[in-house]
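Here is a short report on one protein model. Keep the sequence and the 3D view open as you read.

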Amino acid sequence: MRPMLRFPVLLLFILRCIHSVPAQINLVEPHFAFESGLEYDAAIPSPETFLGYQLGEDFTLYAHVEAYLKKLAESSNRVSIDTYGETYEGRKLYRLAITSADNQGRLEELRQQNLRLSDPAALGREEAEQLIPELPVFISFSYNIHGNEASSTEAAMQVAYRLAAATDEATEELLGKSMVILYPCINPDGRDRYVYWYKGMRRSVIGKEPRDLEHYAPWPNGRTNHYWFDVNRDWVWGVHPESRGLTREYQRWMPHLHTDYHEMGYNNNYFTMPGTTPRNKLLPDAYEPLTDTIGRANASAFDQNKISYFTREGYDFFYPGYGSSYPSVMGAVGMLTEQGGIAGGVAIETDDKYVLTFRQRIFDHYITSMATIRKAVERKEQFIRYSYEAHQPERSKSSTKAYILKNNDNLYLPEVLRILLHHGVRVGQAEEGFTVSASDYRQGKAEVRTFEKGDYIISANQPRHLLIHSILARNLAIEDSVMYDMATWAAPLAYNLEAYATEQAPRVKTTSVEVAGKAEGALVNGGAQYAYAIEWKQRYAPKALAKLWEKGYRVRSVRKKFTNGDHVFGPGSLVVLLGRNREKLASIAEDMRTIAQSCSVTIIGLDSGRSREGVDLASRDSRPLDQPKVALMVEEPFSSYTTGQIYFLFDQETELPVERVRTSILQQTALPKFGSRYGYADLNDYDVLILADGGKHLEKLFTPEYQKMLKEWLEAGGTLIATESAAEFFTKEKSKIVEVELVEAPKDTTKAGAFVRYEDREDYQGKQNIPGSALLAHIDNSNPLAFGLESQLYTIKFGKSALKANPKLETVGSYSSDTKQLLTAGYASEANLKLLSGNVFAAVQPVEKGRIVYLLDNTQFRMFWRGPSRMMQNAVMLMPGM
């Protein structure tokens, strides 16, 4: 009889299994429908029709986004599309202009009329008042600048479709009064890095559990661009093609309001304007009320849809390099939205047990996009007039009338001129010498100074006055010591320029500068009989050294200066001896000419090894430089940002091969090749090891056994370069390798410090730190680490770490011992200034044949704080041979 029981038992088992399987989540809930009551032109494809799935059911690859937007523009007479650039990985960048069919027919006319509003010299007030009511309001949106904040590109497709295809009269009226500019995806390289990874990790049964693998994208994740840079810090500096192309295109339209779309951690609710302090106090008084107008429109839409949100906290717009603040210093009302959702996949359970779907994230961004457009059209003239007035220099709140940049041999002066010209700033060059009372940037001291013919003058009496003051002023007023990003970014400090500010308009005739000058390469005495020399102070001398190595030349670097009478060559200058490169005598002159031109350096041919003054060319102080084999450690715990900056410095600017080696495969000895298909990397194969930041997690990586083997590598001649918190690790307090000591910050033992109110703790903690401020530093430029630098520069300081000077430690960079001069710009408490003054941020600790290079401050921060960046190049290229 037993076989008769099998079916009921099996059925019971199946029923129990079915009961135990959790119901699949509905990824597209009805309450997140996109204005379902609207009627659409059937000839225009929706994202769902074109892609084959509803938005929110999957992430869309960039190629499919691209194809859909092209199809949309092809299908609708309301949409025009164009490219404005290309990423490092070859992806095209697109801009959509969406307006009524009538407006599309006169698109260029409207664009040109709007540009006239942004230039008071081109349009008188009376004519402007006639034009303002006739113009559509120009509204722009930038989506997906952080690649793993992927919902906004999906929302951009739906916004574009809704505007292109809706057939109701309200939409026609909306588009007749607006010009909507969409940048659907600013960082497609980062987006696809994230999307491809997520698709590969996604489960069939939806992985809403926060600890599931699909919610943990690996290092460096998709936030950043190809070089692991945060493009949303680069709008002003234009280091990368994504931001250069975007801001160039932005200036072709000059919108009256702009919103930058983002996501934050998935446990957060939606943020909409207005923001919090500190604010850029230079902005017109009407800025805050207008952002509140849009914020309230968004809030009203959220209230109707029962969407959770917050305002007036968490985000400031002080730093001008954001997508939400750059438009503001360009005369628009710049704004930000932030949707909770990073790492959320298609669905995730939040900390209050709510299931946040990808569809809702898209829906929320769609809602604010449309609410912003409607409110901007309703207040059309108010936004246009705001922008017109913002470009009037007589309305400036700054007393500075002009900035003066000395035309000297500074490495980065052409770069600053390029930045200014790129953003439409008018730069003049003095046709004769002149005198004016001006303040320097080192002490802020005003006195009558004499300037020379050729010095650059940036008058504030021009439409871009907001941008000019925001990036050239030595200091901006700071309301709050707690800030989202950094406390200063003054270009003259970042690029270590000799600069001055004056409250008097210089009375001198100027010539308009149209193109930033770039050093021209030159070969002098191409038929040299003894050697060729390259002065190391030149901007691209490190690139020239990399090219010499690439061509197989034996190169030397002098530790002391020399002169042949006509030219002075400082420490670090390169020497190529003909007698040491005999096999290349037939091609050496042509090679030098090619390198000079391709690297924009001057190469001098020398006919004798005997110098007129200083060391001879084959002196013992002329040290052979072999090309080092360099390992840059990547993966956790190292900072992808700092690592990316170093990677960019060598890959893009210097063109020196640097291997990016995973921490998981780097060993100190050749180990059996188990656990990896490709084996392990042996530290002994490298001459230089770079550790970029890393924090407290370095203790887990550098175990006592690891440190022992690392010390053996150093003693044998290795060069270890440690930056920021990685530099802190290689001290007596944290490792077993050297006796270098950190300066210990005194603890706050006061009663006031012990009894800080809970609501005041964030402010209290903020004041204990230094949030990215410019400090005056003294440099020992006789040390190879600082070859090519001046004796003083400005370093950007985050935190308050420093090393104690000691006789065995080669101090290269130290903070000014005068606390009154130490803080040049930004914020730092008196206690922190006293702590740092006279202490060390850049140093070399010899370890028998090798050395540890300490760089406690980021020497190439975002590749715009360039003053100290030669230190990193010296550490990699010169130090191993010194």
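## A covered helix: H18

Helix H18 (residues 541-550) is mostly covered, with 9 of its 10 residues buried. Buried means under 20% relative accessible area; exposed means over 50%, and partly exposed lies in between (1.4 Å probe, protein chains only). Helices (H or I, at least four residues) and strands (E, at least two) are DSSP runs, numbered from the N terminus. The buried residues of H18 are Ala 541, Pro 542, Lys 543, Ala 544, Leu 545, Ala 546, Lys 547, Leu 548 and Trp 549. Just after H18 comes Gly 552, with a positive phi of about 85 degrees.

This is a predicted model: local features need pLDDT of at least 70, side-chain atom pairs count only at pLDDT 80 or more, and totals for chains, interfaces and linings use all residues. Residues are numbered from 1 along each chain as its sequence is written, and side-chain values use heavy atoms, with hydrogens and water left out.

## Another covered helix: H15

Helix H15 (residues 413-422) is also mostly covered, with 7 of its 10 residues buried. These are Leu 413, Val 416, Leu 417, Ile 419, Leu 420, Leu 421 and His 422. An α-helix has 3.6 residues a turn, so residues three or four places apart point the same way.

Just after H15, Gly 424 takes a positive phi of about 80 degrees.

## A sheet of seven strands

Now look at an open sheet of 7 strands. Their order is E14-E13-E16-E11-E15-E12-E17, and the pairing is antiparallel. Two strands pair if DSSP finds at least two bridges between them. Strand E14 (446-451) and E17 stand at the edges. Each has a single partner strand, so one side of each is left without a neighbour in the sheet. From one strand to the next, the twist averages 40 degrees.

Strand E13 (residues 434-440) and E14 are joined by 6 bridges and run antiparallel. Val 436 stands opposite Arg 449 in E14.

## A sheet of three strands

Another open sheet has 3 strands, in the order E22-E21-E25, with antiparallel pairing. Strand E22 (568-569) and strand E25 (613-614) stand at its edges. Each of these has a single partner strand, so one side of each is left without a neighbour in the sheet.

Strand E21 (residues 562-563) pairs with E25 in the antiparallel sense over 2 bridges. There, Thr 563 has Glu 613 of E25 as its bridge partner.

## An enclosed strand: E27

Why is strand E27 (residues 630-634) largely enclosed by the rest of the structure? It is because 5 of its 5 residues are buried. Val 630, Leu 632 and Val 634 point one way from E27, while Ala 631 and Met 633 point the other way.

E27 has parallel partners. It is joined to strand E31 (residues 688-692) by 3 bridges, and Ala 631 stands opposite Leu 689 in E31. It is joined to strand E28 (residues 659-662) by 4 bridges, and Leu 632 stands opposite Arg 660 in E28. E27, helix H20 (residues 640-654) and E28 make a right-handed β-α-β unit. Right-handed here means that, with the strands pointing away from the viewer, the path from the first strand over the helix to the second runs clockwise.

## Two buried valines

Val 601 is found in the loop between helix H19 (588-599) and strand E24 (602-606). It counts as buried because its relative accessibility is 0%.

Val 576 is found in strand E23 (residues 574-577). It counts as buried because its relative accessibility is 2%. Its contacts, leaving aside neighbours within four places in sequence, include Tyr 530, Leu 548, Val 555, Ile 588 and Met 592. Val 576 and Asn 144 are 432 residues apart in sequence and 49 Å apart in space, C-alpha to C-alpha.

Notes: Contact means heavy atoms within 4.5 Å. Axes are lines fitted to C-alpha atoms, for helices over the stretch in contact, and angles run from 0 to 180 degrees between N-to-C directions.
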